[in-house]
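Please find below a colleague's note on the chain shown here. The points go from the whole chain down to single residues.

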Amino acid sequence: MEDPMEDLCSEPCSYGKDIRYIASQMLPDETRMRMAELFKAMGDPGRVRILEALRLSEFCVMHLAELLDMSSSAVSHQLRVLRTARIVKFRKEGKNVVYSLDDAHIAALLDQAEKHVKEVL
């Protein structure tokens, strides 16, 4: 069984000497909350599958559902979550609605997450 105290310093250390400076460089609460919401919205394997597909191409709900072997209503629900979090966007093309990643930052987040996971494996 792990000792719950093993990750605590046993004596004063010199790391983090300038606590006030570090504190001044940390993000505002609002930014931190929005980041947590972003990660929460991306934190579902089904939504990650949708984002993976949208990283490769734009899709309508029907084609996403076919590609991912999901119901259109399930895809639509997940897209609503991603749209609310400003992770995906859509445009109307006649009677169709076409989804894509909101911007290059989302693709970069996916790329970084993939690299990190592959590095750990």
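The numbered points that follow concern a predicted model.

1. Overall fold. The chain has six helices and three strands. Read from the N terminus, the order of these elements is α-α-α-β-α-α-β-β-α.

2. Dimensions. The radius of gyration of the chain is 20 Å, whereas a compact globule of 121 residues would have a value near 14 Å. Along the principal axes, the C-alpha atoms fill a box of roughly 65 × 35 × 20 Å.

3. Burial and surface. Of the 121 residues, 23% count as buried. The chain has an accessible surface of about 9700 Å², and carbon and sulfur atoms account for 57% of that surface.

4. Contacts along the sequence. Taking contacts between residues at least 6 apart in sequence, 47% join residues at least 24 apart.

5. Nonpolar surface patch. Which residues form a nonpolar patch on the surface? They are Tyr21, Ile22 and Met26, and together they have about 330 Å² of accessible area. One of them, Ile22, is placed in helix H1, which spans residues 19–25.

6. Gln78 in helix H5. Helix H5 covers residues 72–84, and Gln78 lies in it. Is Gln78 buried or exposed? Its relative accessibility is 14%, so Gln78 counts as buried; the cut-off for that class is under 20%. Apart from neighbours within four places in sequence, Gln78 is in contact with Asp44, Arg47, Ile50 and Met70.

7. Aromatic pair. How many aromatic pairs does a search of the whole structure find? The search finds one. The ring centres of Phe90 and Tyr99 are 5.8 Å apart and the ring planes stand at 45°, so the pair is tilted. That angle falls in the tilted class because planes under 30 degrees apart count as stacked and those over 60 as edge-to-face.

8. Phe90 is partly exposed, with 41% relative accessible area. Tyr99, in contrast, is buried, at 7%.

Notes. Residues are numbered from 1 along each chain as its sequence is written. This is a predicted model: local features need pLDDT of at least 70, side-chain atom pairs count only at pLDDT 80 or more; totals for chains, interfaces and linings use all residues. Side-chain values use heavy atoms; hydrogens and water are left out. Helices (H or I, at least four residues) and strands (E, at least two) are DSSP runs, numbered from the N terminus. Buried means under 20% relative accessible area, exposed over 50%, partly exposed in between (1.4 Å probe, protein chains only). Contact means heavy atoms within 4.5 Å. Patches are made of residues with over 30% relative accessible area and no salt bridge: like charges are joined within 9 Å, nonpolar side chains (Val, Leu, Ile, Met, Phe, Trp, Tyr) within 5 Å. Accessible areas come from the Shrake-Rupley method with a 1.4 Å probe; for residues, only the protein chains shown count as cover. A salt bridge is a side-chain nitrogen of Lys or Arg within 4 Å of a carboxyl oxygen of Asp or Glu. Rings of Phe, Tyr and Trp (its six-membered ring) pair if their centres lie within 6.5 Å; planes under 30 degrees apart count as stacked, over 60 as edge-to-face and the rest as tilted. The radius of gyration is taken over C-alpha atoms; the globule rule is 2.2 Å times the number of residues to the power 0.38.
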